[in-house]
Amino acid sequence: MTIYQPSEELRPYVRYYWVLESNEPFSVLTFPIGCPQIIFHKKSPLYIPELNKSQSQFTISGQVNFPAHIQSDGRLEMIVAVFYPHTIGLFIDTPPSSFYNMEISGYDIENRQLNEIAQVIFDSKDNNECITTLDKYLLSKIEPVLNISRIGESIKAMFQVPSMPVSSLADIACLSKRQYERIFNETVGMNPKEYSRVMRFQKALWLMQNGEQNYAEVAYACGFSDQSHFIRDFKAMSGHTPRTLCQYSLPYSDLFTNPA
């Protein structure tokens, strides 16, 4: 896998790009990462058995609250843009709430410009050029949006305290609780309480990734009410308890790790 950084002006909106090529079949268990993605498959798309479907050649992946496997037949070449939790709607002119717990074909949102970018990527043999093309398109879509800024400030607070009450997050965003919940759902793609569960799970992965093995301490640091609550939510997000996940694979938090 090769990681690419976006242009400096895009860095408040796009976390990173990555390119993966593989000639070997594989099956990997994935978890909710809290960040939507745009995916371009230049060869065979990935198959997701839990959804009983393959990704589209051009896929938009929304916020999800469940684990899923991804399977490759060994003919893989994919380019992915990973966005911050609240920013993808700015670039696709479609509210993320419309693809909650879904992976949809990018062609279904009928965005002519984005369809043209997808075709340029599919026609190009140079993945560096593909990243440059995608980056230029995303740069052209930047515009100040007050609600994105407001939700972004509240998400920064959630990173510090994932269990922060919704009323406190609404105060940070300078919105009423009802307004905040509505705008958060439209912008992020799930409601604040549910997103808090994803963030607490990702923070737990990050602590375990960095060597924490005391699960009571992990539960406390992530804002779970007790260890049993932590284990129950962790299993819902990953299909494993914390202990069995460590036996299955090394914990890794995408949301709390800077891949650069």
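**Cores, cysteines and salt bridges in a predicted model**

Modeller: In this predicted model, the largest nonpolar core has 49 residues, and Met78, Tyr180, Phe184, Tyr195, Phe230 and Phe234 touch the most other members. Helix α7 (residues 192-209) supplies the largest share of this core, 8 residues.

Colleague: Which residues does Phe234 touch, not counting those up to four places away in sequence?

Modeller: Phe234 touches Phe201, Ala204, Leu205, Met208, Gly239, His240, Thr241, Pro242 and Leu245.

Colleague: How many disulfides does the structure hold?

Modeller: The structure holds 0 disulfides. A disulfide needs two cysteine sulfur atoms within 2.5 Å. For Cys222, the nearest cysteine sulfur is that of Cys246, 13 Å away, which is too far for a bond. Cys222 is buried, with a relative accessible area of 0%, whereas Cys246 is partly exposed at 36%.

Colleague: How should I read the salt bridges?

Modeller: Side chains of opposite charge can pair when their charged atoms come close. This structure holds 9 salt bridges. In one of them, Glu116 meets Arg112 at 2.8 Å, N to O. The two are 4 residues apart in helix α2 (residues 112-123), so about one helical turn separates them. Glu181 and Lys177 also form a salt bridge, with their closest N and O atoms 3.1 Å apart; they too are separated by about one helical turn, being 4 residues apart in helix α6 (residues 177-188).

Colleague: Which parts of the chain does the pair Asp93 and Lys141 link?

Modeller: Asp93 lies in the loop between α1 (89-92) and β10 (103-105), and Lys141 in the loop between α3 (127-140) and α4 (146-160), 48 residues apart. Their closest N and O atoms are 2.9 Å apart. Asp93 is exposed, at 52% relative accessible area, while Lys141 counts as buried at 13%.

Conventions. Residues are numbered from 1 along each chain as its sequence is written. This is a predicted model: local features need pLDDT of at least 70, side-chain atom pairs count only at pLDDT 80 or more; totals for chains, interfaces and linings use all residues. Side-chain values use heavy atoms; hydrogens and water are left out. A nonpolar core is a set of buried Ala, Val, Leu, Ile, Met, Phe, Trp, Tyr and Cys residues joined through side-chain atoms within 4.5 Å. Buried means under 20% relative accessible area, exposed over 50%, partly exposed in between (1.4 Å probe, protein chains only). Contact means heavy atoms within 4.5 Å. A salt bridge is a side-chain nitrogen of Lys or Arg within 4 Å of a carboxyl oxygen of Asp or Glu.
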